[in-house]
Amino acid sequence: MALSLLAGCAGGDDDAVKTLTIAVNAPFSRNPYVGETIARGVELGASRAGVIDTKDGRYRLEARRLDNALSPRRAVRNVRRAVTDDLVAIVDEGTGVDASWRLAEGADIPLAVTYQGGVGLVDADERPNVFRIAPNDRGIGYRLAEYLIPKGLKVALLTDDTGYGQEGRAMLARTFGQNPEAVATRVRVPAAAPDLAPQVLKARRAGATALLVWAQPATIAKVLTAARSSGWEVPVYTPPSGADPLVRQQLADNPGWVDGLTFASGRMTAELGPEAWYAFQSAFVARYGPDRVGVRTSNGDEVFQPPEYAMYSYDFVSVLAAALKEAGGAEDRSKLLDALEEVTVEGANGDERGFTIHNHEGVVDDDVYFARFDDMTFAPVKDDALSSTLPTISQIG
Amino acid sequence: MSALPAFTRTGAAVREAGRDARLAWGPGAWLALAAFALAALAPFVLPSSVRLDGLAQTAYLALAAVGLGFAVGIGGMPSVAQGAFVGVGAVAAGHLIGSGVPPLLAALVGALTAGCGGVLVGAAVVRFRPVFVVAATWLATWLFAFTLEALPSLTGGARGLTVAPGKIARLEPTATLHYELALGLVAVALLAYRALAGSSFGVRLRAAGQRPAAAVALGVEAPRLRLAAFAGAAAVGGLAGGLAVQLDGVVDPEAYDAFLSFTLLVAVLIGGAATALGPVVGVLAVAALSLAADVLARLTGAESARFGPMLAALLVLSVLATGSEGIVPAVARRIRRAGRQERDHGMELRRPDAATLTAGGLHKRFGELVAVRDVALDLRSSSVTALIGPNGSGKTTVLRLLAGTLPPDEGSVEFDGRPLTAASAGDRVELGLVRTLQSNAVFPALTALENALVGASLRRRYGGALRALLATPKARAEARETTARAQAALAAVGLQERADIVAQELTGSEQRLLMIASALATRPRILLLDEPSAGASGAELQRLAAILERLSAEGLAVLAVEHNLRLVRTVADEIVVLHAGTMLASGTPEQVAGDPAVRAAYLGRQSL
Amino acid sequence: MQFLLQVVVSGLAAGLVYGLVAVGHSLVFRLTGTVYLALGDVIGLGIFTTLLVAAGTGPVTQTSVATGRFLLALAVGVLVCVAAGAGGYLFAVQPFLQRGSTLGWVGGTLALAFAIHAAIESFFPRSGYVFPDPIPFRRIGEAGFVAAGDASFQVRTIYVGGVALVLAALSAWAINRTRSGRGLQAIASEREGALVVGVPVERLVALAFGLAGGVGALAAITAAPSAPVSADTGTLLGVKGLAAALLVRFGPAWLALAAGAAYGLLEAAIANVSLGDLELGPEYSAAIPLALVLLLLAIRPPREAFEDLE
């Protein structure tokens, strides 16, 4: 017995666990909600992955926060730092990827975008080290067109002058381009203006029967305010930014104005059922506490925000862990990069996540559903094929 | 065949330049060379954990700061727009590189574009008082930021315009290369700064910044000089921006905001505005602050992006509150040597040509008050005329009318038979009509020699900034001659021993003599002096009298507004008495002394 | 027509706030010959101190703050603002004025501005915060909006305009009728003389600096609930107010107010109005008015701007 113990001790020295660091390049200072969500997803994923046994040794993953303050320059600097410090991967909010990806590619470091949906960011052929697990603008844009055009509405496309709005304007031009009769007018809206009544009035005068507002949450709130306050009960549709808590916070005094707001977003629950998602949500809430929106329902219940974007960064860490196993370790980075295109894992919500050599989008383009606000919480709509199959995720209590 | 003389001339010029350079080389130069070598070797000896791209960015910042330092310290324009010019260079270079232009050329074009922007903004602000320069450049910086927001095509929108790194002079654009390039440019900029600051271009600029009125009185065309300085600073900023953006890899609109302008100005302030090294030291101090802020942020767990500005701003506040004028001057004062160099007193001031100034029927009203009524004067070469009268009798107004700075309501002033009305101050000084001011209007921060140089530089033909920079043979020869003339002017008033003393450290009457010396250095034909004897004691008065007599003997026409009757009696060939704006009497001292009206109105207890 | 009404109402509301800031800038200039580059951020400090005391840094809605607490918060905010304004003069301007150092007060006020900005951002880093509205405007009309034909505008914009005008009138009264105000006028016209006569120059000027910030903050806080505020809100107010003040050569209060109003109207017009095909669009609403002011400054500079050449 003593001999076997000794043998065990001798073997133990070879099993030291190496720590691999994942950089989280996100706007922690400027948009802490987004930054924290992404980082927490990475941390949760790292702790779930635990110790990864591979051929080259045993690894543990950890997250390191690098603030990009929504500045492309800072984002590039962070990536440079990640390269110098030999980090294993970069989970990125998306700012500055156009400039920073090459630096990461030079060191064979994968860069995963888990928030921004701009289509130019990801290109499996040109940018072999850039991946995305998040709904992209093309998917959202096409689904919005697909959903709205058959309703026979005349949609006014309102976009603001932020980067997000500008990208949206370009995408909507494409997706609604084939159906000009569905577009009442296109209006550009100043994000900094206190009052958007003139722009909304312009849309109304153009005969719009629906508003599609692709803009930052603050702008969406202002549009709703302008429309509803003048008594115009026009339906309003938005991309995922409509789900941002700020919209509801701004309109907390008039919860009735939020009713009917419909947004497009990536599907949170799996087609198989919501159990896996609920498990993920519980784990997240257990570790970090619930994310208060700051408003209450008409019953007085506090409203919480589901950790949607945390799921995407969490899933990337799962893919990375699987790729580590497949590549046999982190010694050969190019092998690790290739392995990312070969593995498939079960995502947080039960869906399969994986990349191929030609497709670096982890979320299928049209895996987008629509949800409608009612009494400060949202639920999937019933008049869309995909959405009608999805359950309502609880946002209170 | 004909090329041979040109060849030998060039060879002689080069040898002469080499001799000058060897003479100028001293311990300071060795120190500078050592520091430069140390800095250049830094990337190869520092541990790899040091971020080289951060060092390179700091070096580019230093380059922009040196440019700003020149405009602020020498040009006297507190510009808060340098960050915008850096941005102009960055945006221009970014776009050009995107279109395939080689990186170095793109940066140069960026510098040129920024320089044009500097001309545009500068054209408006060069005539302004410093406070309005600040206000205008502050608004210009914000306008640049708003314009970038309004035209996302310029900056690639919020994504930023990607700048693909290209080979610089066939070398891979690594952080090390950028660092060495930036370091080299900073060295060149420092040398240029020193060369320009000491040249007549720089001296005139500094004079205009310290006492604008006096400088104009000596014929300095401040706006044009300032425009050159401002545009030059903008171009240097643009160069720094055009190169730094290649290191960044992306044109980020937020990087060129008001905070960058503030950082650059703060660097210049902390390091010391009117010195070449000051901006560099300031940038290093700011970089050290950012590092400290980073460390603090990591220790307390706060977001580093927020801590930096707050820390920097707070520390600047404390630096300013302690009232230091900057690190470099404070250090320099500790180790200042009273270096007196050998001066060549050989040159004498040339005899001025004959000139006449005739004024007739001068009337001037200020609102209700009639300051000058029907005054006539006749100034001739080799004579001293004294203009006396009680306070408020209009003497200074008459002087201003004669000098041409104030247009008369009626009457005319003619110089050598030609009316003076349309001439600007600079033109008049060039014609040979110079006036000194009533208050102590020497340039306080310049040495006595530099004060005289301001006037002497008036007649330079090869005195421009570019020639000073390149130190062409003609420029150097002319500089020697101008310096000699300035020394002779100092000698003419007896200040040759005090040539290297800073003007504010001279005594009051020495400063007045210095004012006369500056005026003499412009080679005037007619000299208008405003109360040259104010505050002078017995011995000083004798000295002044001797100077005035000698000047008049050498052919100058002098008009002195004076209170001191004893001096007037000793020196004046003709006296004009003013009372309540009208001429009470004029003539020789004896004639005026005997005039009963003069006695009654003015003399009282004093007697001529 | 209703469109025009809309532009006028919203433009005036914003413009009168700019005007009050311009009055502050004018006052400071005429008293000290300096430009108070930190005025905007001092106002921002007032806004966010009020927000902090009223609601903390967490999510807030327009109705979630009781009136009593809001009034306390308002008092604290204005007090902090006045203190910061006066302190700014005493530490960042006055020492350098004494020394005659232009660079000194430029650096000082800029440093103060950025320090305040950074401090605000560290507590309130997001790009927009909801500001509580203590006055139940939402009970008027349709949730606070009044319709005029097709157009509608917030009732509170009229309220903001009214408050701004009242504040301006109060300031004018204070300057013309109170002893301190007359002291200030004396200082503006002849500083040395005022000292001789026994006017407590330093104290009054510090007070003026403080009030410039306080009045501006009051106006800005009144306007704040109309839209999300961020750390940049104050800074931009300072810049636009300075532009308006420069436009009228740091002239008398009513002129500065009018200039601010004109600036706001121009902004609103550029953002909204389209004449046929020509549509400038909202992106230019910040840049164009500023460019025009600078152009005017270049083409027709005020006499005060020139160097004293005599």
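Me: How many residues of chain C are in contact with chain B?
Reply: Keep in mind that this is a predicted model. Contact here asks for C-beta atoms within 7 Å. On the chain B side, 43 residues take part. On the chain C side, the count is 43 residues.

Me: What class has 31 residues on the side of chain C that touches chain B?
Reply: Let's go through the classes. Charged residues number 5 and polar ones 7. The 31 residues are nonpolar.

Me: At what angle do helix 2 and helix 9 of chain C pack?
Reply: Helix 2 of chain C covers residues 39–55, and its axis lies 7 Å from that of helix 9. Among the residues making this contact are L39(C) and I43(C) from helix 2, plus L236(C) and V239(C) from helix 9. The angle is about 145 degrees.

Me: Is the crossing of helix 2 and helix 9 of chain C left-handed or right-handed?
Reply: By class, their contact has 8 nonpolar, 7 polar and 1 charged residues. As for the way helix 2 of chain C passes helix 9, the crossing is right-handed.

Me: What percentage of chain B's residues count as buried?
Reply: Chain B holds 25 helices and 12 strands. A residue needs 20 or more other C-beta atoms within 10 Å of its own to be buried. Of the 608 residues of chain B, the share that passes is 55%.

Notes
Residues numbered from 1 in each chain as written. Chains lettered and ligands numbered in written order. Predicted model: local features only at pLDDT ≥ 70, side-chain atom pairs only at ≥ 80, totals over all residues. Contact = placed C-beta atoms within 7 Å. Nonpolar A, V, L, I, M, F, W, Y, C, P; charged D, E, K, R; others polar. Axes fitted to C-alpha atoms, helices over the stretch in contact; angles between N-to-C directions. Helix = DSSP H or I, 4+ residues; strand = E, 2+ residues; numbered from the N terminus. Left-handed = near helix turned anticlockwise from the far one by under 90°. Buried ≥ 20, exposed ≤ 12 C-beta atoms within 10 Å, placed from the backbone.
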